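Hi there,

Here is the structure I promised to pass on to you. Have a look at it first, and then read on for what turned up in it.

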2 protein chains.
Amino acid sequence: MMAGMTETPHPLYAKHADTLARALTAITERGYWSAYPESPSPRVYGETAASEGETAFRAYLGADFPLDQPGDGDRVATEASPFGIDLAVRYPHADADTLVAAASAALPAWRDAGPQTRLGVCLEILARLHAHVFELANAVHATSGQAFVMAFQAGGAHALDRALEALAYAYAEMTRHPGTAEWEKPAGKGEPLRMTKTFHVVPRGVALVIGCNTFPTWNSYPGLFASLATGNPVIVKPHPRAVLPLAITVKYAREVLAEAGFDPNLVLLAAEAPGEKLASDLALHRAVKIVDFTGSTEYGDWLEAHARQASVYTEKAGVNTIVVDSTDDFAGMCRNIGFSLVLYSGQMCTTPQNILIPSAGIATDQGQKSFDEVTAGIAGAVAKLTGDPARAVELTGAIVNDGVLARLDEVARVGEAVLPSQPLAHPAYPGAVVRTPTVVKLGAADVATYGREWFGPISFAIGTDSTAHSLEIFRSTVGQRGALTAAVYSTDEKVLDAAEAAAIEVGVHLSCNLTGAVFVNQSAAFSDFHGSGANAAANAALTDGAYVANRFRVVQSRRHS
Amino acid sequence: MMAGMTETPHPLYAKHADTLARALTAITERGYWSAYPESPSPRVYGETAASEGETAFRAYLGADFPLDQPGDGDRVATEASPFGIDLAVRYPHADADTLVAAASAALPAWRDAGPQTRLGVCLEILARLHAHVFELANAVHATSGQAFVMAFQAGGAHALDRALEALAYAYAEMTRHPGTAEWEKPAGKGEPLRMTKTFHVVPRGVALVIGCNTFPTWNSYPGLFASLATGNPVIVKPHPRAVLPLAITVKYAREVLAEAGFDPNLVLLAAEAPGEKLASDLALHRAVKIVDFTGSTEYGDWLEAHARQASVYTEKAGVNTIVVDSTDDFAGMCRNIGFSLVLYSGQMCTTPQNILIPSAGIATDQGQKSFDEVTAGIAGAVAKLTGDPARAVELTGAIVNDGVLARLDEVARVGEAVLPSQPLAHPAYPGAVVRTPTVVKLGAADVATYGREWFGPISFAIGTDSTAHSLEIFRSTVGQRGALTAAVYSTDEKVLDAAEAAAIEVGVHLSCNLTGAVFVNQSAAFSDFHGSGANAAANAALTDGAYVANRFRVVQSRRHS
């Protein structure tokens, strides 16, 4: 038996065993469950949590970020807040070889610690991050442009839920086989053949997580924790404009790892200098065996094509689509769609872009509504939600970067805006760049425009010949470009069935008749899958068996008993 | 709810539910279990089974193989038996587009049938194949050159066991999530949010299985059945010299599919004309989303690099290694190693090639043995097993193709043969090409020779400075070229631990001190993993969660309850 292999798990495993057990049940049931309360209310988190978190966040600004990892002594500061918050945080810098060498050296002891100890440590990291969730939320808010409550939820509580979900899948997968097995094969009249078999879970190598600008934690945590739990050291390469949330994550992860007796270099920050291409250097490094990426189709495709030594998990662009056929709650439908467009100014990878509506109009509880009345209803809902700037910015947040502004300029030239985008003054941040969503009217023939992603507060109301035609467009555009979300509104079961058949065919998750407080762009950890891996928008789902199973291998030894 | 989604499973599911349940237990326990008896004895299979199977086999020879699948009307006959059996079976021919179109058309109904029905049908196919296992064994024997009993076991019973193992993993993976879930999220003082979620298992697309010459069924069945069970139509592209075993497999699969009411084109044979490159045409087809391949490193690497639209599972070449340090059963060790070299004339992907022995000799129960005495002991065991041609050929079988003969010629020039390869006359088949194993003495410096695979009855006894040196060579050669198997002989726990640590590091399964009736080149379904996916010899293991999890996706729909 290998040294270290039979040791009892670290006490952190017992500390968090109940949480793990509940999470394991949750991923089997896929009903509602959450481990981290999503309300930032003082009644939940205590009276001082919010101010302490903000103080901790402010202490990072204009300073060297406290991270004692290997590096070249240089510091990099690349962030620019969409709210105009002066960040100027200086992160340690290192090149790819330095980071990979440090990560590789940390691997063997982490591998040999076994699944239970690794889970205990990972769950303690989540607990530590949760204890600092306001600090994390401030960092997500400041760098992504998300309004604070959304930053707290998506960037804090929900991100932790998704991390826990990934940990649960990883643990289930690592423990589906026993650590040892007795094999006894009958041998006719003779003694049976007896062997003892030992099954070691071994990691693939060094893992790389490449974060995005809009959801630095939510989109990074599943890959980070799935890789770490399965034994792989993780290098976290944040988006240059959203470093702080992941720097804080790395800081607390390293603290916990060191406290538990492990090499903190199991989790490393790879902050990059402008123009450095550190992500590519890391992704192509021969010791890097896993890459998780969220971002553009162009770079995701490049990674898939070139990081051939690694398993590459990508979430890329897509054309999220709503098929509007009919409704028995016209006001609810318009409100629901409108809200989904306003939320974070459409800067979610799950925001609907293409709204397919028959040109002849639709049947509703308020009688037949023309195409223009439907688009006006949706535009009106958006306008209502954004009418009062002070309340609006708590939904829209700010515009994450200039690329979004450029697309807003461009889209103003391609079609008639049912609702133009408006700048809003942010009452708290004079430097904030805020824009309300635009809804642009197009015809079915304008596929050159709506057939690709326009990331940002840009949606198209597209007139079609019929719902059958809408479904045809849905099939062809999503079939070609992919999508993370789709929705259908219909009072006709046959149409819902046809939409579901189309969604299955093109591999996109479908929401039906959302008129209340569930929105197509929100997915609930432990219940909804995010992405499917079955179309061009992502090659994997968060989070399922396929997402974790290839992050480790089983290596066996056998000897006669 | 989708049409077809709530239907009760096909009665074949209930018929085989017990077998499935037992297999599901087996993959969780990884102890001993087998569903298909490996003894071809009349006491097990009945007095007439063997002769009926042979008659059925002979009826195929020199005739058009009965397969009613789409094609161009041409027939191809490409086989040449290593035993000189006159095969001349003519298989239907079709081009890649025809095959893929037929497979694609069969997909939707198979997908919508759901996991239970698919499992029932797949298990019935295995039952049908098992009912014809002698026919199958004759075909494997005639095309691969395996002796009959081995063909019956590896090509029949064990292949069926591996298929069942793959089915069990596929079923476990598809059913780890419920088909539907109720989600109820508390909403403060208001009514909870309630949604019903439906989770559809959707296949990736058309699957391709590329068979090999030596183990046409054993190496093809796991991928074939894992893909089929998860909803993917499968195109089976046999090795041009080993078509019949897979043609028979496809024939019975199609029979069962049609009887169960499904399109038989869910399983198609892709027999290729000489020089046609049909495997490459199929592997690059945009509708082909899964490729399983067993064969050369060169072609496996090509597939991985070029079949980018697909998930590619490859088993390739490697340098299987034995580290000899010491033993308390010298005779048993020599017998065991010798047998592993003789079996199928070393033409198993798991046959040891490099035997690393300290030049200073080793400690044994018979006292210190010099390097030459150890190699003589192993060579002697081989010579004893091959001394009587009539008995020898029941172990060695015949040489599968001219490539092996060419390597035997080449190796005779690279080092001193402790034991030269000998031709043997086969008492039953005058045209058989039989060769006994050669053992060639090399030094540790001859890495240019032993550092790559010499597929066939070729092994190297390599003198090293010490066991530590042996482990260093083990690490570097297997680390670079990969291996499917490794073994160690030592009476020292520290050496066993060091060998296990090295095996974990280079990701190869390790057998310790095999001196009895278990051999390093044999892996038992449901207990031993074949390959690890953790080194260059294979990018996946047969059979585990990672092997099945990416063969389907989950696509979800949700609506308010």
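**Salt bridges**

B:E165 and B:R162 are both buried (buried means under 20% relative accessible area, exposed over 50%, and partly exposed in between, with a 1.4 Å probe and protein chains only). Their side chains meet in a salt bridge, 2.8 Å from N to O; the term stands for a side-chain nitrogen of Lys or Arg within 4 Å of a carboxyl oxygen of Asp or Glu. Both residues sit in helix α7 (residues 148-174) of chain B, three residues apart, about one turn of the helix. Helices (H or I, at least four residues) and strands (E, at least two) are DSSP runs, numbered from the N terminus.

Before going further, some notes on the source: this is a predicted model, where local features need pLDDT of at least 70 and side-chain atom pairs count only at pLDDT 80 or more, while totals for chains, interfaces and linings use all residues. Residues are numbered from 1 along each chain as its sequence is written, chains are lettered from A and ligands numbered from 1 in the order in which they are written, and side-chain values use heavy atoms, with hydrogens and water left out.

Back to chain B: the side chains of B:E259 and B:R128 also meet in a salt bridge, at 2.7 Å from N to O. This pair links distant parts of the chain, with B:E259 in helix α9 (residues 244-259) and B:R128 in helix α5 (residues 114-131), 131 residues apart. B:E259 is exposed, at 55% relative accessible area, whereas B:R128 is buried, at 16%.

In chain A, A:E191 and A:R194 form a salt bridge of 3.3 Å, N to O. A:E191 counts as exposed at 61% relative accessibility, and A:R194 is partly exposed at 35%. Over all chains, the count comes to 58 salt bridges.

**Two packed helices**

Two packed helices are described by the angle between their axes and the distance between the axes. In chain A, helix α3 (residues 49-60) packs against helix α6 (residues 133-144) at an angle of about 55 degrees, with the axes 7 Å apart. The axes are lines fitted to C-alpha atoms, for helices over the stretch in contact, and angles run from 0 to 180 degrees between N-to-C directions. That angle makes α3(A) oblique to α6(A) (under 35 degrees is roughly parallel, over 145 roughly antiparallel, 65 to 115 roughly perpendicular, and the rest oblique). On the α3(A) side, the residues in contact (heavy atoms within 4.5 Å) include A:G53, A:F57 and A:Y60; on the α6(A) side they include A:F134, A:N138 and A:A142.

**Backbone points to check**

The peptide bond from A:L542 to A:T543 is cis, with omega near -10 degrees, and A:T543 is in the loop between β18 (510-512) and α19 (545-549) of chain A. In chain B, a cis peptide bond joins B:L542 and B:T543, with omega about -10 degrees.

Which residues have a positive phi although they are not glycine? One is A:Y344, at about 50 degrees, in the loop between α12 (330-342) and β11 (354-358) of chain A; A:Y344 is buried, at 0% relative accessibility. Another is B:K277, at about 60 degrees, in the loop between β7 (267-269) and α10 (278-283) of chain B. B:K277 is exposed, with a relative accessible area of 58%.

Best wishes
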